[in-house]
2 protein chains.
Amino acid sequence: MIVAEGHRQIGEVGFARFSAREVAKRVGYSIGTIYNVFGSYDQLILAINGRTLDLWLAALERRLDGASENRLAAAIDAYFSFAIGHRHAWAALYDFRLPEGEPIPEYYQAKVTAITEVVVREIAAAIPPAHRTKAPALARSLLATVHGHCFFTLNGTFRLLGEADPLAAALDRVNDALARYR
Amino acid sequence: MIVAEGHRQIGEVGFARFSAREVAKRVGYSIGTIYNVFGSYDQLILAINGRTLDLWLAALERRLDGASENRLAAAIDAYFSFAIGHRHAWAALYDFRLPEGEPIPEYYQAKVTAITEVVVREIAAAIPPAHRTKAPALARSLLATVHGHCFFTLNGTFRLLGEADPLAAALDRVNDALARYR
DNA sequence: CCACACAATTGAACGTCGTTCAATATATTA
DNA sequence: TAATATATTGAACGACGTTCAATTGTGTGG
């Protein structure tokens with residue numbers, strides 16, 4: 001419940017204007033209780049970002065369920081759609097960084113891995129069987145590729161540079177890579 | 001001088017721990033003077049990030065000056081080298097966002113464009129003359145591609161996913177794209 | 001039903017932050 | 001020098017993350 005309200009708040013005002021005190025006010029608890037439950041501001045943010053990852057994975061899987069042809073294009077579109085539809089929550093995933101040395105909790109790593117594994121599966125299905133072993137590395141790289149396009153879309157860089165169709169550009173790059181294995 | 005010290009501070013402690021008051025203390029002025037000069041915290045950050053962009057462009061051009069073959073590989077390597085060598089300052093370029101609606105100052109836009117133009121030039125030189133008109137769009141997209149790889153390198157995503165050579169992966173993706181024009 | 005132990009919850013207090021602005025100091029001009 | 005313009009100051013304000021002694025709530029054994 002605290003996490004849900006935190007997620008709502010970060011979706012409304014963004015990471016920079018997010019505040020643990022405001023979450024406490026909204027859920028009707030005192031600031032002290034928030035700290036008893038999460039331990040610190042950073043852990044609270046991690047919990048909220050974890051919820052964003054859950055929703056992202058769910059949206060991705062929902063989209064892929066109803067897709068037979070062009071599954072990769074559907075996945076990329078779902079990636080963009082979620083980021084654009086939840087701009088602030090999505091941006092918070094990358095605006096926030098743990099202090100140096102602090103390890104990322106395993107529960108959080110697992111969520112990132114889960115999303116990646118969906119992509120690995122789709123990439124593996126999109127290339128000839130002989131190249132299947134390269135799917136994980138290719139998936140990582142194409143994830144970074146799509147991420148870069150998505151990031152430049154949301155932070156204004158693409159608008160500044162006159163890019164009108166970032167989604168198409170991302171899809172082009174993915175197809176460029178896949179063309180090498182055909 | 002204020003900007004230089006701010007850049008130094010952000011390079012040391014990162015965007016999250018940066019403070020205008022600390023800059024004031026370090027340069028020997030009061031906090032009020034910082035605000036008289038820059039108007040707001042956001043404008044101060046923009047000035048500091050602008051300096052980072054200046055240094056980045058300079059490093060890129062320096063590298064390309066001494067390269068004849070593999071100029072694109074040199075540019076990508078310079079991109080990564082700067083980001084890794086100035087992790088906090090580089091990350092601050094993307095951690096910071098102006099409030100919604102606030103326009104990015106022209107002086108700042110010009111710095112972003114200047115870096116992009118170097119890339120456009122190199123891409124144009126790397127593809128057959130018949131495709132030159134596509135160089136700007138391709139350059140934007142490949143910038144996003146390299147950015148994504150660089151970002152995942154520095155924020156720990158690639159380490160989490162087991163990617164051992166992100167620079168090589170980025171170069172692969174760029175070559176995948178260029179292969180389409182040969 | 002009471003007394004006691006344990007857990008949950010509170011919010012005042014602290015130091016720091018961005019921000020403002022009347023007061024003060026310094027420089028320039030007449 | 002006197003008057004004007006410009007630069008600089010730092011106390012004050014509200015909000016933030018964080019802590020922790022005090023308080024309230026819950027349950028259990030007698």
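Start at Arg21(A): an N or O atom in its side chain sits 3.5 Å from a base nitrogen of DNA strand C. This is a predicted model, where local features need pLDDT of at least 70, side-chain atom pairs count only at pLDDT 80 or more, and totals for chains, interfaces and linings use all residues. Residues are numbered from 1 along each chain as its sequence is written, chains are lettered from A and ligands numbered from 1 in the order written, and side-chain values use heavy atoms, without hydrogens and water.

Now select Arg21(B). A side-chain N or O atom of Arg21(B) is 2.3 Å from a base nitrogen of DNA strand C.

Next, hide the DNA and select the interface of chains A and B. Here 39 residues of chain B are in contact (heavy atoms within 4.5 Å) with 39 residues of chain A. Zoom in on Asp176(A) and Arg180(B), whose side chains form a salt bridge at 3.3 Å, N to O. The term means a side-chain nitrogen of Lys or Arg within 4 Å of a carboxyl oxygen of Asp or Glu. Between the two chains the count is 8 salt bridges.

Note on methods
Polar contact = N/O pair within 3.5 Å; in protein donor to acceptor, adjacent residues only side chain to side chain.
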